[in-house]
Amino acid sequence: GCGLVAAVWLSRVPISYLWRFMRPFVVILAITLFFQTISLPGDALFAVGPLTFTRPGLEQGALVVSRLALILLSGALLVVTTPAVAVTDAVAWYLRPFRRLGIPDGDLAMVTSLALRFIPVLMAEFEQLVKAQRARGVSLELRSPLRAGRALMPLMVPLFVLGFRRAEELADAMLSRCYQGTEGRTHYR
């Protein structure tokens, strides 16, 4: 945790930018904490109907959620501070020994590169969808996990449709350019 704080400080990336990256995951983290708190047996903190919230569940949930948040923040910092080409080259270099086992290292590196390039595009489309829903008068309050889940459901379907449409356009573009995989390809440095 301290190393990540130091990395954020050294990178001089604005906290608001990292928060914008983390904000969509808050609901997932809250749901994870909720299910961890009710799923482990132990000393009951309180009960709501058939659900019993336990102290060991809360402790375990806090640990899991903090680890997930650190992983997400590390990924956000990597995406913000490192060029996609450098990440792709690193993935290809680390996967090169698996080439002997028949694992296509170059293709996996290409998939990683495409995924990294799609993150900002999907985030921008998510923000446009949120603005469109707010313009229609839909409340997107994230105060309670149940409300947040209900508010985000109308956004998920269009986001998936837009993501699949972009992936299909990219596949068509790669086919039209006769992309045959990474075998025998050169790299410009």
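# Reading rings and helices

Guide: Start with one residue. Phe35 is partly exposed, at a relative accessible area of 47%. This is a predicted model, so local features need pLDDT of at least 70 and side-chain atom pairs pLDDT 80 or more, while totals for chains, interfaces and linings use all residues. Residues are numbered from 1 along each chain as its sequence is written, and side-chain values use heavy atoms, with hydrogens and water left out.

Visitor: What does "partly exposed" mean?

Guide: Buried is under 20% relative accessible area, exposed is over 50%, and partly exposed lies in between (1.4 Å probe, protein chains only). Phe34 is also partly exposed, with a relative accessible area of 31%. Across the protein, buried residues make up 21% of the 189 residues.

Visitor: How many aromatic pairs are there in the whole structure?

Guide: Rings of Phe, Tyr and Trp (its six-membered ring) pair if their centres lie within 6.5 Å; planes under 30 degrees apart are stacked, over 60 edge-to-face, the rest tilted. A search of the whole structure finds four aromatic pairs. One of them joins Phe34 and Phe35, edge-to-face, at 5.2 Å centre to centre with 75° between the planes. The ring centres of Trp93 and Tyr94 are 5.0 Å apart and their planes meet at 75°, so this pair is edge-to-face. Both Trp93 and Tyr94 are exposed.

Visitor: Which residues do ring pairs link into a cluster?

Guide: Phe34, Phe35 and Phe53.

Visitor: Now the fold. How many helices and strands does the protein have?

Guide: Helices (H or I, at least four residues) and strands (E, at least two) are DSSP runs, numbered from the N terminus. The protein has seven helices and two strands. Along the sequence the pattern reads α-α-α-β-β-α-α-α-α.

Visitor: At what angle do helix H1 and helix H4 pack?

Guide: Axes are lines fitted to C-alpha atoms, for helices over the stretch in contact, and angles run from 0 to 180 degrees between N-to-C directions. Under 35 degrees is roughly parallel, over 145 roughly antiparallel, 65 to 115 roughly perpendicular, and the rest oblique. H1 (residues 2-11) and H4 (residues 55-81) pack at about 25°, with axes 11 Å apart. H1 and H4 are therefore roughly parallel to each other.

Visitor: Which residues in H1 and H4 meet?

Guide: Contact means heavy atoms within 4.5 Å. Leu4, Ala7, Val8 and Ser11 in H1 meet Leu70, Leu73, Ser74, Leu77 and Thr81 in H4. By class, that contact has six nonpolar, three polar and no charged residues. Here Ala, Val, Leu, Ile, Met, Phe, Trp, Tyr, Cys and Pro count as nonpolar, Asp, Glu, Lys and Arg as charged, and the others, Gly among them, as polar.

Visitor: How do H3 and H4 cross?

Guide: The axes of H3 (residues 26-39) and H4 come within 7 Å and cross at roughly 155°. H3 and H4 are therefore roughly antiparallel to each other. The contact of H3 with H4 has eight nonpolar, six polar and no charged residues.

Visitor: Is Leu159 buried or exposed?

Guide: Leu159 counts as buried, at 17% relative accessibility. Leu159 sits in helix H7 (residues 145-176). Leaving aside neighbours within four places in sequence, Leu159 contacts Leu122, Glu125, Phe126 and Leu129. Leu159 and Leu122 are 37 residues apart in sequence and 7.5 Å apart in space, C-alpha to C-alpha.
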